[in-house]
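Welcome! Let us take a friendly look at the pockets of this structure and at what lines them.

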Amino acid sequence: MLKITTLNVNGIRAAARKGFFEWMQTQDADILCLQETRISEADLKDEIRHQTGYQSVYNHAQKKGYSGVALYYKGNPDIEHGMDCEEFDPEGRLLSATWDDLTVISAYLPSGSSSEERQAAKFRFLDKFGPWIDRMMEHHRQTGHEYIICGDWNMAHKEIDLKNWRGNLKNSGFTPEERAWMSHLFEERGFVDVFRQLNQEAEQYTWWSNRGRAWDNNVGWRIDYHISTPGIASKAIRTEIYKEQRFSDHAPLTVVYDIDKEPYLR
């Protein structure tokens, strides 16, 4: 079994203070994809970088205290940073680990909630991101190589994916344009929303606003995903949103895939 967890940590140092790494050591995940690490290379101390049983790699944003993604993993994959995009690669939004027949990506898509300018940037990102992942699907169809894109997509797809959907129809993360992009991802591009393949229940959220009592009342959004090529999606057997402890305003999302993990540990 291959166990993969994704979490927007909302600052890796803050998550560490809340016990994230102690929890991580109890879970025995094979790969962890982290987003919004908000740390620079100079501030990345050994007690964060080095975790027993794992290697780690970070893709930092050039802007201090902003964005950033990381991978904690076992084995020796090839690592790639970004998607060869001059505008967005400096924001540290993508990090890929590739073994012989599998690529796992930690992805932190932009939020557009702060301003119209950032929403416009989000759409520009999607315009670049779409063709990048199209090449993955083409490679999958030609060779059978599998891809899993884990992370915070900052978009909810359907009404079931957020509590107050009626009040958010014009808000960033649930605009008609973003929802159509997600529909195209699944229906035309051929990727699979792995969590929804396994769990069709309502009120399955991964992020809660810090305003009001959103957490207490489970007024959330499902904006964190495992999105994969169909072959490995068919191997997914179990998923969990972990809510017993809080390490950030997001919850860890785990999927277990029924494949031999040994090739990814060497």
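The largest pocket has a lining of 34 residues, and Ser111, Ser113, Asn154, Ser172 and Trp207 lie nearest its centre. A pocket here is an open set of points on a 1 Å grid over the protein atoms alone, where a 1.4 Å probe fits, with protein on both sides within 12 Å along at least five of seven lines; lining residues have an atom within 4 Å of a point.

This is a predicted model, in which local features need pLDDT of at least 70, side-chain atom pairs count only at pLDDT 80 or more, and totals for chains, interfaces and linings use all residues. Residues are numbered from 1 along each chain as its sequence is written, and side-chain values use heavy atoms, leaving out hydrogens and water.

Helix H4 (116-143), strand S10 (207-208) and strand S11 (220-221) each give at least two residues to the lining of the largest pocket. Helices (H or I, at least four residues) and strands (E, at least two) are DSSP runs, numbered from the N terminus.

The second largest pocket has His157, Lys158, Asp161 and Arg222 in its lining, among others. At least two of its lining residues come from each of helix H5 (176-187), strand S9 (192-193) and helix H6 (194-198).

| Pocket | Volume |
|---|---|
| Largest pocket | about 940 Å³ |
| Second largest pocket | about 150 Å³ |

Each volume is the space filled by probe spheres set on the grid points, which are joined across faces, edges and corners.
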